[in-house]
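Hello,

Here is the structure I promised to pass on. My notes follow below it.

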Amino acid sequence: MFKYKTALSIIGLLAISCISFSFYLPNILEQGVSNDASTNALDTSPEARADSLLALMTLREKLGQLQQLDGGLSKNDLPTLIKEGKVGSVLNEVDTDLLEKYQRIALEESRHGIPLLIGRDVVHGFRTIFPIPLAQSATWNPRLVEEGARIAAVESKAVGINWTFAPMIDVARDPRWGRIAESPGEDPYLASIMGVANIRGFQGKNLSDSGSMAACVKHFAAYGMSEGGRDYNSANVGERHLREVYLRPFAAAVEADAASFMTSFNEINDVPATGNEFLLRGILKGEWNYDGMVVSDWESVKEMIAHGYCADEKAAALSAMRAGVDMEMTSTCMVDNLPALLTEKKIKLSQIDDAVKRILVLKYRLGLFENPYQRRELQAQVLSEDNLKAALRTAEQSMVLLKNENAILPLKDDLKSMAVIGPMADAPYEQLGTWIFDGKEKDSVTPLNALKKALADKTEVNYAQGLKISRTKTREGFPAAIAAAEKSDIVLFFVGEEAILSGEAHSRAHLNLPGIQEELLAELGKTGKPIVMIVMAGRPLILTDLLPQVSAVLYAWHPGTMAGPAITNLLTGKVNPSGKLPVTFPRAVGQIPVYHAHKNTGRPANADNWVHIDDIPVKAWQTSLGNTSHYLDVGFTPLFPFGFGLSYTDFTYGDLQLDQTKMQKNGRIIASVKVTNTGEVIGREIVQLYIRDKFGSVTRPVRELKGFEEFTLKPGESTTVLFEITEEKLAFFNADMKLSAEAGEFTLWIGGHAATSSSVDFVCE
Ligand code: NOJ
């Protein structure tokens with residue numbers, strides 16, 4: 001039994017550990033004293049087991065479960081704290097022996113033997129690094145994404161990590177925001193599909209399977225809407241927009257049984273997400289009936305003070321608990337202040353119990369009480385050939401061919417020589433991208449190495465870095481690069497951003513190639529050699545002025561461990577590019593946000609009414625330019641639309657049909673289109689369905705993605721793709737904020753990207 005005197009004797013220890021439990025409340029802290037956990041039989045449900053355990057726990061022990069601590073910061077104190085039941089979860093510790101020790105202490109030395117959740121940001125792979133999540137979305141292939149998440153889970157479990165802070169399912173429409181790299185892109189439908197695929201992969205069929213880990217969908221919510229693309233910034237968003245765009249992937253995650261949610265750093269409509277009762281208790285735990293657990297983001301409970309929402313840590317604890325946070329990541333506001341708040345009757349014990357129960361249920365569901373340790377049997381799979389092959393496939397399908405003038409790609413078989421130039425050609429660390437805590441550059445295969453391996457026996461490879469890193473500002477490498485270009489038949493120019501330039505808190509205001517990469521491109525252009533530009537980046541960059549200077553562009557994102565072989569296979573045509581943009585590419589930063597599902601405005605832009613800034617007559621009459629919604633300098637279309645991506649073959653779309661043009665109440669329409677591979681090589685196409693609801697009780701976007709199918713066709717082969725249109729597909733949050741479809745007129749498009757023009761109309765009764 002944990003006595004008050006014992007508590008006093010460890011005050012010194014706790015003072016250094018920053019966990020200042022409220023010792024002035026010994027009585028309530030020590031309630032619940034039995035050691036008898038015999039009701040915890042294996043054959044009862046996780047909920048029943050959690051209930052019976054909860055009944056035995058003191059308040060202090062309950063509060064311990066609500067606390068997550070950073071392994072790195074608390075190494076000295078952790079064993080004691082774990083033994084005393086004062087930690088529910090540890091994050092950022094990957095030393096297998098240490099993790100095993102922590103779990104052993106938790107299980108064998110703490111009073112109730114409650115195992116730890118071991119959390120880690122396993123965002124796009126653990127040791128085998130897959131393409132960044134934005135790139136994975138560009139595959140439009142949920143099977144591959146699920147497979148990647150599964151591999152990440154298996155590799156993590158091999159060292160003892162049982163909880164990943166992924167997938168990040170923040171819809172992101174602003175490439176200035178560094179975390180767009182971690183996001184599934186701009187579209188809520190695609191984001192939902194990719195989010196669910198990730199959850200399935202991480203969690204498997206059963207959370208307690210040896211290769212499964214708990215997913216944590218983040219960041220709830222509207223973090224991707226941070227004003228101006230500046231990280232942690234405020235999101236001001238109307239409720240309809242919030243629900244239809246930013247919450248939608250999270251609603252899908254609840255349906256997919258995501259084990260946990262993480263709150264976001266930002267405030268939404270003036271209330272920080274971590275203290276947002278409307279979001280957490282109202283929508284998530286209320287309306288959606290979510291029974292999993294909610295963890296705060298790193299110190300986001302405490303940060304409510306800096307937000308100007310809470311006066312001190314006690315107020316922050318109150319806000320978080322009231323709002324529905326179950327576990328606090330790294331700051332200790334809740335554990336320090338909940339006892340006093342309880343005594344003051346500002347919170348109820350039932351609220352704490354509910355939070356603890358959610359955490360215990362997850363631990364039972366994960367099977368941690370029975371098997372909390374790393375799964376040694378999985379260690380052989382870490383970085384296995386199969387895992388690397390899966391990472392390769394995903395990288396291949398994620399890259400987007402944006403330009404291919406005169407079919408310069410694939411590289412011709414009889415190519416005599418090529419120059420490989422640029423800071424990203426042989427950058428094993430940078431190709432991995434952001435959030436690769438456990439990835440190692442020594443495992444990376446770079447494009448230079450892969451190209452040499454694949455081609456060196458028949459093609460001369462002339463390598464010159466040109467620039468050391470993407471931000472290098474000295475031209476000292478230029479002469480060698482120009483010389484390499486001059487003696488080659490073609491230039492492969494590897495440009496982009498280093499990994500550190502995207503990700504958390506890494507927003508950029510300029511989205512051109514950093515450093516003087518554009519100057520190097522101009523110099524290479526003077527050699528007259530055809531240039532294929534391969535871009536490795538964590539976000540869409542502005543390519544407008546670069547496009548005319550190059551013959552081809554392959555947008556490779558940050559592709560991960562297998563970047564080199566993937567790029568080589570695509571450049572040589574061993575694999576046909578098939579990725580499609582999960583985000584619209586702007587012409588200029590000033591055009592941001594630019595996304596396909598925008599509204600029409602009362603004065604929609606059109607080509608007839610746009611006079612380019614250079615063509616405006618001097619002293620032109622105020623209204624002579626047409627008064628429509630566009631930019632004088634860049635117009636109104638993006639550089640590349642959402643869903644866009646070229647192939648080495650051609651797909652033609654024909655025969656767009658509906659089985660009926662009137663949809664009855666509760667009825668359905670089948671839309672079909674015939675897609676033919678009219679080119680000369682086998683290829684994978686992603687057929688996309690867009691719908692516009694022309695008039696409604698509230699206005700609707702000009703197009704919304706409502707479905708997609710991906711399949712592979714041989715040359716000359718055709719397939720008919722069917723989409724079922726139901727009321728559910730047409731539903732939106734109407735003027736009364738109810739999710740339902742309205743009768744009226746609709747336009748439907750099916751094609752290879754969001755700007756496709758072939759359409760057909762229908763009505764819904
Ligand atoms: C802060 C980030 O916002 C979140 O995504 C991450 O999971 C946590 N830190 C833990 O590293």
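How far apart do the C-alpha centres of domain 1 and domain 2 lie? They lie 37 Å apart. The contact between them takes 36 residues from domain 1 and 36 residues from domain 2, where contact means heavy atoms within 4.5 Å.

First, the basis. This is a predicted model, with residues numbered from 1 along each chain as its sequence is written. Local features need pLDDT of at least 70, side-chain atom pairs count only at pLDDT 80 or more, totals for chains, interfaces and linings use all residues, and side-chain values use heavy atoms, with hydrogens and water left out.

Domains

The assignment gives domain 1 (32-377), domain 2 (390-572), domain 3 (595-637) and domain 4 (651-764). These bounds come from an automatic or database domain assignment.

About 2900 Å² is buried between domain 1 and domain 2. Carbon and sulfur atoms give 59% of that area. Buried area is the accessible area (1.4 Å probe) that two parts lose on being put together, summed over both.

Four salt bridges are counted between domain 1 and domain 2. A salt bridge is a side-chain nitrogen of Lys or Arg within 4 Å of a carboxyl oxygen of Asp or Glu. Aspartate 438 and arginine 120 form a salt bridge at 2.9 Å, N to O.

Ligand

13 residues surround the ligand, each with a heavy atom within 4 Å of it. The closest are Asp121, Arg179, Lys218, His219 and Asp297. The shell holds seven nonpolar, one polar and five charged residues.

Ligand oxygen atoms lie 2.4 Å from a side-chain N or O atom of aspartate 121 and 2.6 Å from one of histidine 219. For a polar side-chain atom of arginine 179, the distance to a ligand oxygen is 2.7 Å.

Best wishes

Technical notes:
A polar contact is a pair of N or O atoms within 3.5 Å; within protein, one must be able to donate a hydrogen and the other to accept it, and residues adjacent in sequence count only if both atoms are side-chain atoms. Ala, Val, Leu, Ile, Met, Phe, Trp, Tyr, Cys and Pro count as nonpolar, Asp, Glu, Lys and Arg as charged, and the others, Gly among them, as polar.
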